[in-house]
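I am opening a notebook on this structure. I want to see how its parts touch.

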Amino acid sequence: MTSKTIPDFECQDTDQVSSDGGSRDAGGGAGKDGLRLGALLGYFAIGTFLGVLFMMSEVASWFRIQEMFRFQSFHMYGIIGSAVVVAAISVQLIKRFDLRTLNGEPIRLSPKEWGSSRIPGARYWIGGTLFGLGWALLGACPGPMFALLGGGISIIALAIVSAMAGTWAYAALRTHLPH
Amino acid sequence: MEFLSQPWPWYVAGPLIGLVVPLLLVVGGKVFGISANLRHMCAALPAPEQLKPSFLRYDWKKSGLWNLVFILGVAFGGFLAVAVLGMPDAGASISEATRSDLMALGLTDFSGMVPAEIFSWSALASPAVLLMVVGGGFLVGFGARYAGGCTSGHAISGLADLQLPSLIAVVGFFAGGLLVTFVLLPLILG
């Protein structure tokens, strides 16, 4: 107990980093020099596709986020809801047919951990609520922030630097926070 | 091309966004989660290692390069959309009810993607705007890492894999968002 400075639930989330600092992909560990140019071009292309979608569906708009939190349009709920349905069906198909990556590695999804706090799931509802405060104040979540920056809304750069400061503050305080 | 410049309907955009999840899994077994990049960016900062909390000391190239390239693509996609199809006029396409609520908060400019009265460098002189852009950004970064994911990691990747922790996080996202929308914004903008 005393030597455990870094809790073992570290990064059992979407951080994609394991507690030993290594990669934490859903795919297997083999052949992960990871810097294959072809794959990187693939990620860039998928990102570009997503950035266009964030802009043209207006998900990246402060106005649309306000409309969502005021329950005055189905637009955002339709987008998030149908995205979840398509993603869920895809994940089930990948599991059912044991699909592999293009590189032939098995695809594994690790479950989110509950953490060790006396308050079950503390990190999810406390962290989630803090994120929600920021989401509504800024009117953009992390993906759209980068799309807006690319779209020429330069002041978003300040929000991104602030978000990095928030990430750093969490990193500095995390051992004192209930997870 | 004209119809492409209109706001893309949810039943087109939503399923296509959902496809990003299996695409990333199949290309390289990667889990869709954008806010992890904020951590990778902090880890990549050229600060002396001893100044960095342990959470930021890891091989960011090994675990995060793919994701950083991915968000570079997202930014390029934002650029491409505006360059080819023009800046979406989101302020004009929101519902009448939202428009009148926002007017009651003092907003007058409904052109473009984001309100110029908040998202411009000159608007930063206002404490309310400073709180929204700088405070909002800070909470997005802090909260996303504390919760272990943001809208992409929890609301899309997590819910798609039927993860209860992600559902709790998403309920939190909305609790915080509603508090800001109905309590805080009227106080600071009103």
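The model is predicted, with pLDDT of at least 70 needed for local features and 80 or more for side-chain atom pairs, while totals for chains, interfaces and linings use all residues.

**Entry: the helix pair.** I looked up α6(A) and α8(B), residues 127-147 of chain B, and found an angle of about 40 degrees with axes 6 Å apart. I noted a right-handed crossing. Contact residues include A:Ala163 and A:Gly166 of α6(A), and B:Gly137 and B:Val140 of α8(B). Contact here means C-beta atoms, placed from the backbone, within 7 Å. I read off 15 nonpolar residues, six polar and one charged. Gly counts as polar, and Asp, Glu, Lys and Arg as charged. Ala, Val, Leu, Ile, Met, Phe, Trp, Tyr, Cys and Pro count as nonpolar.

**Entry: the chains.** I found 117 residues of chain A in contact with 123 residues of chain B. α1(A) gives the most to the chain A side, with 17 residues. That side holds 68 nonpolar, 37 polar and 12 charged residues.

**Entry: domains of chain B.** I looked up domain 1 (1-86) and domain 2 (118-190); their bounds come from an automatic or database domain assignment. Their centres, over C-alpha atoms, are 18 Å apart. Eight residues of domain 1 touch 10 of domain 2 in chain B.

Technical notes: Residues are numbered from 1 along each chain as its sequence is written. Chains are lettered from A and ligands numbered from 1 in the order in which they are written. Two residues are in contact if their C-beta atoms, placed from the backbone, lie within 7 Å. Helices (H or I, at least four residues) and strands (E, at least two) are DSSP runs, numbered from the N terminus. Axes are lines fitted to C-alpha atoms, for helices over the stretch in contact, and angles run from 0 to 180 degrees between N-to-C directions. A crossing is left-handed if the near helix is turned anticlockwise from the far one by less than a right angle, and right-handed if clockwise.
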